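Colleague: I would like a close look at one part of this model. Please keep it brisk.

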Amino acid sequence: MNLIILFVALIVFILIGVPIGYALGGAGIISFFASNPDFLMLVPQRVFAGLNSYILIAMPLFMLAGELMNHGGLTKRLVNFALLICKPFRGGLGEVNVVASMIFGGITGSSVADTSALGSMLIPDMVEQGYSKEFSTGVTVASSTVGMIIPPSIPMLMFAMVSGVSVGKLFMGGVIPGLLIGLFQLAFVWAVSEKRGYHKIEAKVTAGVGKVIFDGLVALAMPLMILVFTTRGVVTASESAAVAVVYAVVVGFLYRDLKWKHIVASLKKTAIMTATIMIIGGFTNVFTYILAINQVPTAIANFILGSNIPSWIIFILFDILVLVLGTFLDVVPCIMLIAPILMPVMSQLGMNEITFGMILVVGLAIGLVTPPVGMCLNVGSKISNMPIMDVFKSSAPFLVCNLVVLLLVTFVEPVSQWLPSFL
C-alpha cells in the first residue's frame, strides 16, 4: 500500500508541474505520513545522508571553473581553434559547431552550458552564412550532448557518489564514447553540408594562426590536466576541480577578459545550480530509501534473474528504460533512482560497473534533447526562437549517432573499459 501511495503521489506531483526534486520529496513525505507519522523524522536524516559525500565537493568547483572559463573569453577562442581544425577538410560552421562542443564539453562538464554558450554565438553566425535555422539549431543542440560525456562530467560525479565507482575511471571511460559521438556527428554534418552546398561558404579565423593554436592548447590543457591528475593519483577528483578553478582564474586574468564582476556572477550562478542539484539529490535519497525498505530492488533483481531472459535482451531493455526515463526526468534524479536499484542486477548478469555508468550517462544525454523535459531543447528553442518540437525534429537525425554509440557501449566492452584499464 505504501508503494502505491508513493508512486501515485509522485505521478500527481509531476502532472501538476511540481519540480522533480520536490515531487520526489513530497511523495516520500506523504508515504511516510500514511504508514506512520513518526517516520517523518527520517526525512531530514535521509536528505542529509544523500548529500554527505566528499565527491560532491567537486561538483560546484567544476561548474565554477566552466563559468569562469566562459567569462574569460574562452568561447570565441575555442570557435577560432575549431575553425582552424576544420579548415583543411573543407569544414564549414557545422563541423566547427561539433568540434567546439567536444572541446567545450571537456571544460564545463555540462551539456546545457555547452548549448547556451556556443549556441548564442554559432546559431546566428550559421544563419548569417547561409545555413538554415533548423539545421543550425539542430546540430548545436545535438552536438552539445557530448558535454556531459567527455570528462569532466557532473553526471559522472553523481553516479560515482551513488555507486562508489572511481571518479578517475569514470572520467576515462567517457573519453572514447564522447569522441565517437563527436566523430559520427562530424561525418553526418559533413555529408549533409556537402549535399546542401553549405561548404561553399568560407569560414574565416579571426586571429593569427599561431595565436589561435596557442589559445586552443590553453583551453585543452584544463581537461587534459584533470584527466592526468585524477588517473595517476596526483590529486583526488575534488582536488582536481579546485585546480581547475585556479587555472580558470589565472587564464582569465592573463587574457584580461575576466573581471571581478564576472567572478561574482559566476559564484552566484554556481550557487544556484548547486543548490538545485543538492535539493534533487537529497529528496531522491528519501524516495530510494522507501523503495529499499520495501525491498523493491530485491524484488526487481529476483524477477529479472529468475526470468531466464537472455542477458543481451535485458541489456537492450535497460537501454530503452534509460531512454524513456530520460524523456521525463532530468539527469541527476534518473541516475540516483536507477543506479542503486539496477546496478547490482546488471553486475550479476556480467555488466561491468563502468559500462553501467556509461550507459546511464550516454543514454541520459540523449534525454536532454528529447521532449518534454529536454533542457538542451529548451535552451536551443530560446536562442533560435523556434518551437521546441521543431528543434527536436531538426536535431533528431543527429541523435542516431548517439544511439549507435549507446549500443556500442552496451555490447562492446572496450569502448568504455579499455582506456580505464590501460591507464
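At what angle do helix α3 and helix α14 pack, and how far apart are their axes?

Modeller: A caveat comes first. This is a predicted model, where local features need pLDDT of at least 70, side-chain atom pairs count only at pLDDT 80 or more, and totals for chains, interfaces and linings use all residues. Residues are numbered from 1 along each chain as its sequence is written, and side-chain values use heavy atoms, with hydrogens and water left out.

Now the helix pair. Helix α3 (residues 42-51) packs against helix α14 (residues 260-293) at about 120°, and their axes are 7 Å apart. Helices here are DSSP runs (H or I, at least four residues), numbered from the N terminus. Axes are lines fitted to C-alpha atoms over the stretch in contact, and angles run from 0 to 180 degrees between N-to-C directions. The two helices are therefore oblique to each other. The crossing of α3 past α14 is right-handed, meaning the near helix is turned clockwise from the far one by less than a right angle.

Lys269 and Glu67 form a salt bridge through their side chains, at 3.6 Å from N to O. Lys269 sits in α14 and Glu67 in helix α4 (residues 58-71), 202 residues apart. The criterion is a side-chain nitrogen of Lys or Arg within 4 Å of a carboxyl oxygen of Asp or Glu. By that rule, the count is one salt bridge. Lys269 is partly exposed at 41% relative accessibility, whereas Glu67 is buried at 10%. Buried means under 20% relative accessible area, exposed over 50%, and partly exposed in between, with a 1.4 Å probe and protein chains only.

Key: Parallel < 35°, antiparallel > 145°, perpendicular 65-115°, else oblique.
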